[in-house]
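Hi there,

Here is the structure I promised to pass on. Have a look at it first, and then read on for what turned up in it.

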Amino acid sequence: AQANKSKLKFAGIDGVPNTVDDVVVPKGYNWQPVIRWGDPLFDDSAEFDPRNQTPESQAGQFGYNCDYVDILEIPGSKGKRAVLFSNHEYTNENLMFPPDMDISQVRRTAMAAHGLSVVELERKGTGQPWKYVRGAKLNRRFLMDTKYELTGPAAGSPLLKTQADPSGRIVLGTQNNCAGGTTPWGTILSGEENFNQYFKVTNPSGEQRRYGLTSRNPSRGWHLEETRFDLDLPEGRNEDNRFGWIVEVDPFDPDSTPRKHTALGRFKHEGANVTIAASGHAVAYSGDDERFDYLYKFVSKGRYIEGDKKHNMTLLTEGDLYVASFSGNSPQNQIDGSGVLPSDGAFDGTGRWIQLTRDGKSLVPDMEIDQVLVYTRLAADKMGATKMDRPEDVEVSPHTGKVYVACTNNTARSAAQADEANPRANNRHGHVVELTENGDQAATEFTWKLVLVAGDPAADESVYFSGYPADQVQPVSCPDNLAFDSAGNLWISTDGQPGTIQRNDALYRVTMEGPEYGRVEQFMAVPIDAETCGPLIHDEDGLVFVAVQHPGEDGSWDAPRSLFPDYVTPGSTPRKGDAALPRPSVIQMYRGRR
Ligand code: FEO
Ligand code: CA
Ligand code: CA
Ligand code: CA
């Protein structure tokens, strides 16, 4: 029997030591960047000039620390033209700028390296690697002065009004966008994650503390450039409430106004992924990436209409928000120092979706609808949702409709806090939960099981690969982003392996059907200190893409630990556009020569 139905054939690679500054791919494969930090997007953009980057030059170039990636074919282009979306989570100023650069220039340039990018790609034909097209008409940078419209029940709420925006409906910019998702109607969702880091506040309120705002001074110093980031000033009041949302962008319309959807709630959104229920409702799943935070789902009021993009783009503006509660089904769990050992031998059980909002009204005692949506974490606390081990990406299998949740790790969980869905104390390696809705995707009850309990099988007998012999699988740690290929295989990228298993972060394929169910194969590893983000598997096209985020993060301008992806070394003559410093990039991998 054929082991795996994917058209992408490869021999899995071994784990790569965490000292290697290279992209490692399977035998017979090669890789090259699609686009790098600093690549000019527009005809009039400045060339990348690392010693002399300015806010103006960066505003015309691809941003830093790319995370989510999708590539959508431009209709009618016969596979020769596509549009790439990526977001730029954060900046590593110590790697990006010479130490003697003016501090205000550093801050404002770093600000322009945040946000989102849309870039057109072209190639000779199907199966070929892509090149980005400078000056193409869909190319767009979304910067900190780009206008975003707030939609949904909390738009216009007093909690969202600021001195500069008394309407409470127009926000400037997005930051710390992590993962994302592409909707069935061809728009892109992007999650605002650790937005708290950008705000200065001397005495955070209870709500602000619940969102991680502290009196520590924000290291990027944006509050010294724009007063709205200083919450102690009248100009800053409520500005923090305008971040932490799911953003929707139409990459095919460069004049469109991006939106922030309040109906999906405010938290540290890793991202969001939408599927259409049998009933026609759009269902969006989203994880709140914080230790002991929650898994959410949104069910649209309206129904999807195939081909009606204008209508479908209204679906995320109105609907009901739910948060997940998990129960284990093992009658007598043993709890020891390492956590829960289920007495029935399986980490599994049932669950329910606790409804927080209905028809634009709050179902949470003593909270109005805008409070539930702006302070969603507090609403979920009140309703007794299950505290998870940092839920990151949530993906729905297009083959089975089952939902997969990457819980990346949680070293703060004690044995007494372990439960069957988060079974480990000091969970350094994370796990992946599979959730099966009871019937329609919009159902309020589900069953669940853990399909992967990550870690080193040689060192830890609780490591579990869906029953696949653990001694035949190499260690996997800290699952972060998930993706599916056209054959229904689950792909997992990681964030944290250098610290937990002393290997570079990587991308794995997990067989989800047939006799090899649970088999894990490593496809690639990213360079030293980097995180593997945004995996995108175009297996029928023979292409795999990842965003290589923060390569050489533990180095500095004067002592770089990575020279990815240009690998310009001292004394060599760089090709035009190359530079001798690490550059976060979207790369493509394919069989054949570079
Ligand atoms: Fe930005 Fe949750 O990783
Ligand atoms: Ca069980
Ligand atoms: Ca992530
Ligand atoms: Ca992460």
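Helix 3 (residues 103–112) is largely enclosed by the rest of the structure, because 7 of its 10 residues are buried. A residue is called buried if 20 or more other C-beta atoms lie within 10 Å of its own, exposed if 12 or fewer do, and partly exposed in between, with C-beta atoms placed from the backbone. Helices (H or I, at least four residues) and strands (E, at least two) are DSSP runs, numbered from the N terminus. The buried residues of helix 3 are Val106, Arg107, Arg108, Thr109, Ala110, Met111 and Ala112. They pack against helix 1 (55–59) and helix 2 (93–96); two residues are in contact if their C-beta atoms, placed from the backbone, lie within 7 Å.

**What kind of model this is**

Please keep in mind that this is a predicted model: local features need pLDDT of at least 70, side-chain atom pairs count only at pLDDT 80 or more, and totals for chains, interfaces and linings use all residues. Residues are numbered from 1 along each chain as its sequence is written, while chains are lettered from A and ligands numbered from 1 in the order in which they are written.

The mean pLDDT of the protein is 96, and 99% of its residues reach 70 or more; pLDDT is the predictor's confidence in each residue, from 0 to 100. Confidence is lowest in strand 18 (residues 334–336), at a mean of 73, and highest in strand 12 (residues 259–261), at 99. The model scores are ipTM 0.93 and pTM 0.97.

**The overall picture**

The protein has 8 helices and 35 strands. Its radius of gyration is 23 Å, close to the 25 Å that the globule rule gives for 594 residues, so the protein is as compact as a globular protein of that length. Here the radius is taken over C-alpha atoms, and the rule is 2.2 Å times the number of residues to the power 0.38. The C-alpha trace spans about 65 × 60 × 50 Å along its principal axes. Of the 594 residues, 55% count as buried. Among contacts between residues at least 6 apart in sequence, 61% join residues at least 24 apart.

One open sheet is made of 4 strands in the order 1-35-34-33, with antiparallel pairing; two strands pair if DSSP finds at least two bridges between them. Strand 1 (29–36) and strand 33 (531–538) stand at the edges with a single partner strand each, so one side of each has no neighbour in the sheet. On average, neighbouring strands of this sheet are turned by 25° against each other, direction ignored. The axes behind that angle are lines fitted to C-alpha atoms, for helices over the stretch in contact, and angles run from 0 to 180 degrees between N-to-C directions.

Strand 35 is mostly covered, with 6 of its 7 residues buried. Strand 1 is joined to strand 35 by 7 bridges, and isoleucine 35 has valine 586 of strand 35 as its bridge partner. Strand 34 (residues 543–549) pairs with strand 35 (residues 585–591) over 5 bridges. Valine 544 stands opposite methionine 589, and valine 548 has serine 585 as its bridge partner.

Phe545 is also worth a look. Leu84, Val405 and Phe545 touch the most other members of the largest nonpolar core, which has 158 residues. Such a core is a set of buried Ala, Val, Leu, Ile, Met, Phe, Trp, Tyr and Cys residues joined through C-beta atoms within 7 Å. Leaving out residues up to four places away in sequence, phenylalanine 545 touches Val34, Val69, Ile71, Leu536, Val586, Ile587 and Gln588.

**Some loop details**

The loop between strand 34 and strand 35 holds proline 565, and the peptide bond from phenylalanine 564 to proline 565 is cis, with omega near 0°. Tyrosine 567 lies in the loop between strand 34 and strand 35 and has a positive phi of about 50° although it is not a glycine. Tyrosine 567 is partly exposed, with 14 other C-beta atoms within 10 Å.

Aspartate 529, in the loop between strand 32 (520–525) and strand 33, has a positive phi of about 65°. Aspartate 529 is buried, with 23 other C-beta atoms within 10 Å.

Happy browsing!
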